[in-house]
Amino acid sequence: MRRAPLLRLSSVGRKAERRRRVITRALPVALIGVVSFVMGVVVGGTSAAEETVRRFVDAWARDDFDSMHTELSEEAARRYPLKQFTALYEQAESTATLAAVDPGDPEVSGSTATVPVDVRTHAFGEVRGGLAVPMTGDEIAWEPRLTFPGLAPGERLARRVDVPRRASILARGGVPLAEGSAATRSSPLGTAATNVSGELGVPKGDERDQLERRGFPPGALAGSTGLEAAFNIRLAGQPGGELLAVSDDRQGDGRRVLASARPRDGKPVRTTIDPDLQEAAVSALGNEFGGVAALDAKSGAVRGLAGIAFSSPQPPGSTFKVVTTTAALEAGVVTLKDSFPVKTSTVVGGREIANAHDEACGGTFSQSFAHSCNTVFAPLGPEIGNEKLVETSERFGFNSPPALYDAEATATVDPPPSTIPTRIGTDLDLGVSAIGQGEVLATPLELATISQTIANGGVRSPTPIVTDPELRPKAKPVKVTSAEIAATVRDLMVGVVSGGTGTAAALPGVEVAGKTGTAELGPAPVAPDEGGEPEQQLDAWFTAFAPAGNPQIAVAVLVANTTEDGGTVAAPIAREVLAAGLG
């Protein structure tokens, strides 16, 4: 990988340095002797020529081609201008798959300085050799063979590359999510596996340059999404082959082998995915635009992902009321004994906020939760307050990146976090946030994490998708709330499925705890010739875990850009996923 150059001389500095040398060469011999003694041209036995070569090779180790060029003789600098000089070194580095240059101490004998150089390459191992650097006085009479140790005059670098085998991505039980060469990847699960494994494509930009520096030929396929992208370097392996010195004028084949290495095949990535549950998640979502995330209710490990499970945060609607309820119970602003008036709307911060479908809603807090009464939950926002609502949300995982894999893979994929503003603002903003609207954004993975936290007695577990310890996230479990409050919220969620807005998620013989959500996005587009009032465009949500008394699976479903509510379209999908996970 190219390293950023360190100190570089400006063009003015280089000209001044050149003038200094010309003036020095014009001084009388006697004066040169005095200056040499006083200024230390010979310091501790090191000659000026050796100092020049030392600066040259140290700059090479930094990829500082500007500074290297300033050490050339005037004739060499005219013959090889900086742009051409730089291009020759960059071509040599690319061909050699250069990783690092480690020069030794130069020694001058006559008009030649000899420098031992160790070069580490990605594809061909370590190359140990020496540079015989021609000198003109204390300047370098540079020539192209100096771009790599071991080259003779008239030779250039070339290579023969052997491409390694790409490794497999495996689900639990060793079932392949992706196997075969980069051009022929496949899985017994078909397209259901691609939701997790991802796809390959021809890389561009920095990713392409990085792969070519490692020795992969131009146009080689690389992971573009999913785990194929997150762990591309591990899966792809390391090319090998031969690094060659080539002379077009030499008799015979005109090739010498400077270094060689065998290709190293990729290493497999083992995941926490349950093949049956994965197929169920993808099948249940079907052609709907949205996402599904299924987690182990205790460990937090990912068991299935479909669609935009963690890639596109959306307003979570009333599923966020699980967070609001937790904060309200902790702050003591509500109890299960409280009763609320039955009404269709309420005013918060000077604005009317209505219940879904303008339904009359209220009663006990349990009833209000089961029927998702905005008239109850919106006023709780200002009572809870900004600091408490945000702090509770962040304990549930908001404003933090998903804990799926290690830091390097996370940086590669860069999954967006679920977010809530740290300064929400007015009472109206707090009321809207408390019902999962406004600027609150979440993914199905985050909503599944919220359910997992409640199912796990108030402790949020990381959500690893890989089993290899070195690839897993460093995140630790987080105590979000007390076991007592988690149990209370669990019971409230059971009421949603047993007799509230989430009855479509009910399973025979299994107690399911869940919460519906429906976020308003605005009116759907209407063609001019259709007429009539446009329907409201919605994000439909459902999050749940089961069995409620002994949780095994936590799930969240998003159906985006729909005209139906969460209890109608998202809850039945969650039911199918839960059934597969418990089957």
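On a 1 Å grid over the protein atoms alone, a pocket is an open set of points with protein on both sides within 12 Å along at least five of seven lines, whereas a cavity is a set of points where a 1.4 Å probe fits but cannot get out; lining residues have an atom within 4 Å of a point. Grid points are joined across faces, edges and corners, and a volume is the space filled by probe spheres set on the points. The structure is a predicted model, in which local features need pLDDT of at least 70 and side-chain atom pairs count only at pLDDT 80 or more, while totals for chains, interfaces and linings use all residues. Residues are numbered from 1 along each chain as its sequence is written, and side-chain values use heavy atoms, with hydrogens and water left out.

In the largest pocket there is about 870 Å³ of space. The pocket is lined by 29 residues, and those closest to its centre are Asn 355, Ala 356, Asn 374, Thr 518 and Glu 520. At least two lining residues come from each of strand E18 (351-354), strand E22 (513-523) and strand E23 (536-546). Strands (E, at least two residues) and helices (H or I, at least four) are DSSP runs, numbered from the N terminus. The search of the whole structure also gives 2 cavities of 30 Å³ or more. The largest cavity has a volume of about 40 Å³, and its lining includes Pro 203, Arg 208 and Phe 216.

The protein contains 20 helices and 24 strands. Of its 583 residues, 51% are buried, where buried means under 20% relative accessible area, exposed over 50%, and partly exposed in between (1.4 Å probe, protein chains only). The accessible surface, from the Shrake-Rupley method with a 1.4 Å probe, comes to about 25,800 Å², and 52% of this surface belongs to carbon and sulfur atoms. Among contacts (heavy atoms within 4.5 Å) with a separation of 6 or more, 66% join residues 24 or more positions apart.

Two strands count as paired if DSSP finds at least two bridges between them. Strand E6 (residues 156-162) is joined to E11 by 7 antiparallel bridges, and Arg 156 has Val 246 as its bridge partner in E11. Between E11 and strand E12 (residues 255-261) there are 6 antiparallel bridges. Leu 243 is bridged to Ala 259 in E12, and Gly 241 to Ala 261. In strand E11 (residues 240-246), 6 of the 7 residues are buried, so this strand is largely enclosed by the rest of the structure.

E1 pairs in the antiparallel sense with strand E3 (residues 112-121) over 5 bridges. In this pair, Ala 100 stands opposite Arg 120 of E3.
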